[in-house]
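User: I would like to learn how to read a few features of a protein model. Please take me through them one at a time.

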Amino acid sequence: MIFAVLPDILFYLFALLAVGGALSVLTRRNPMTCAASLVVSVLSVALLYFLLSAHFVGVAQMIVYAGAIVVLFIFVIMLLNLTDRELGRGRMTLFKIFGAFLALSVLAILAPGMRSMVELEPSGGPGPAYGGTAEVGRLLFGEYLLPFELTSILILAAMVAGVVLAKRDLTPKRLFSLIDWLLALADRLSILRSPQKRERKQGGAGGEAE
Amino acid sequence: MTFFPVGLSHYLCLSGVLFTIGVLVVILRRNLIVIFMGIELMLNAANLSIVAFSRHLEDMSGHVFVLLIMTVAAAEVAVGLAILIALFRTRRTINADEVSYLRW
């Protein structure tokens with residue numbers, strides 16, 4: 001008897017944890033506490049994926065979200081090392097109250113549509129291969145190969161953007177790329193740049209390409 | 001809607017609540033790091049409803065979509081936090097109210 005309702009009890013437990021973690025992100029002031037609450041929420045959602053027998057997605061959620069994204073958040077929080085003054089005081093403006101009211105009213109509009117009971121599995125449950133690595137891999141490298149390959153370009157672009165943006169000095173001192181080289185060439189030929197900028201850049205534009 | 005057994009609508013309710021909390025974080029909080037966390041909460045809620053529908057329809061394409069969304073979320077956070085570090089170096093603040101020079 002208890003085994004029949006055990007997944008449902010687990011659903012309510014993890015749903016409560018996910019919503020509690022999200023509410024804690026909303027209300028806590030310290031960003032580090034917010035990051036810890038985000039871990040709780042994300043791991044609860046990963047366990048809900050296991051309940052939905054999406055095993056591979058659940059493990060990926062644990063590794064990518066709790067293992068990479070939240071660590072990145074914590075890394076940035078510690079790197080910035082914010083003081084209380086830099087955190088700033090939140091102000092309750094009319095705009096914010098209106099926005100919060102709007103967000104809650106969207107949920108209230110959606111609520112009647114969810115009242116009808118929909119079965120999770122109309123035809124008696126998925127097969128044993130459902131949600132496993134083999135089936136996900138077959139789809140990922142078969143039917144959805146093009147989006148998967150496009151993802152690699154996206155990650156490359158994000159990596160380059162992260163390196164360029166997080167550099168200490170945003171104006172390039174040395175020649176890092178073909179575009180920098182072309183800009184320096186245009187600089188030398190005195191197109192594209194105003195005279196003041198050209199004078200300021202004269203000192204540092206002569207490095208070697210990396 | 002009854003409490004037992006748990007159906008698709010329960011998962012959709014949870015997804016809606018999580019998404020609304022994410023929207024509220026983005027609207028109410030002014031710390032840019034926490035605003036990014038709100039965006040992550042919203043993406044998580046969308047992923048949860050995709051996986052629930054995938055189970056309901058017994059079609060595993062949803063799992064592939066969720067994996068791709070996770071990748072996009074990771075790339076977005078990497079670029080966003082890099083922008084945030086550059087912003088903190090130039091302006092010494094990460095309060096969204098004080099960074100308003102691109103606002104109307």
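User: Where is B:Glu58 found in chain B?

Analyst: B:Glu58 is found in the loop between α2 and α3 of chain B. Helices here are DSSP runs (H or I, at least four residues; strands are E, at least two), numbered from the N terminus. Some ground rules follow. This is a predicted model, where local features need pLDDT of at least 70, side-chain atom pairs count only at pLDDT 80 or more, and totals for chains, interfaces and linings use all residues. Residues are numbered from 1 along each chain as its sequence is written, chains are lettered from A and ligands numbered from 1 in the order in which they are written, and side-chain values use heavy atoms, with hydrogens and water left out.

User: What is the phi of B:Glu58?

Analyst: The general idea first. Most residues other than glycine have a negative phi. B:Glu58 is not a glycine, yet its phi is positive, about 55°. B:Arg92 also has a positive phi, near 60°, and is a residue other than glycine. B:Arg92 lies in the segment after α3 of chain B.

User: Why does B:Glu58 count as partly exposed?

Analyst: Buried means under 20% relative accessible area, exposed over 50%, and partly exposed in between (1.4 Å probe, protein chains only). B:Glu58 counts as partly exposed because its relative accessibility is 31%. A:Thr151 counts as buried because its value is 12%. A:Thr151 is found in helix α7 (residues 145-165) of chain A.

User: Which residues is A:Thr151 in contact with, beyond its neighbours within four places in sequence?

Analyst: Contact means heavy atoms within 4.5 Å. With those neighbours left aside, A:Thr151 is in contact with B:Leu68 and B:Thr71.

User: How many residues are in the largest nonpolar core?

Analyst: In soluble globular proteins, nonpolar side chains tend to be buried together. A nonpolar core is a set of buried Ala, Val, Leu, Ile, Met, Phe, Trp, Tyr and Cys residues joined through side-chain atoms within 4.5 Å. The largest one here has 73 residues. A:Phe73, A:Leu80, B:Tyr11, B:Ile33 and B:Met37 have the most contacts inside it. Among the elements giving two or more residues to this core are α1 (2-27) of chain A and α3 (61-91) of chain B.

User: Which residues does A:Phe73 touch, leaving aside neighbours within four places in sequence?

Analyst: In chain A, A:Phe73 is in contact with A:Leu38. Its contacts in chain B include B:Ile33, B:Phe36, B:Met37 and B:Val77.

User: How many helices and strands does chain A have?

Analyst: Chain A has nine helices and zero strands. Of its 210 residues, 29% count as buried.
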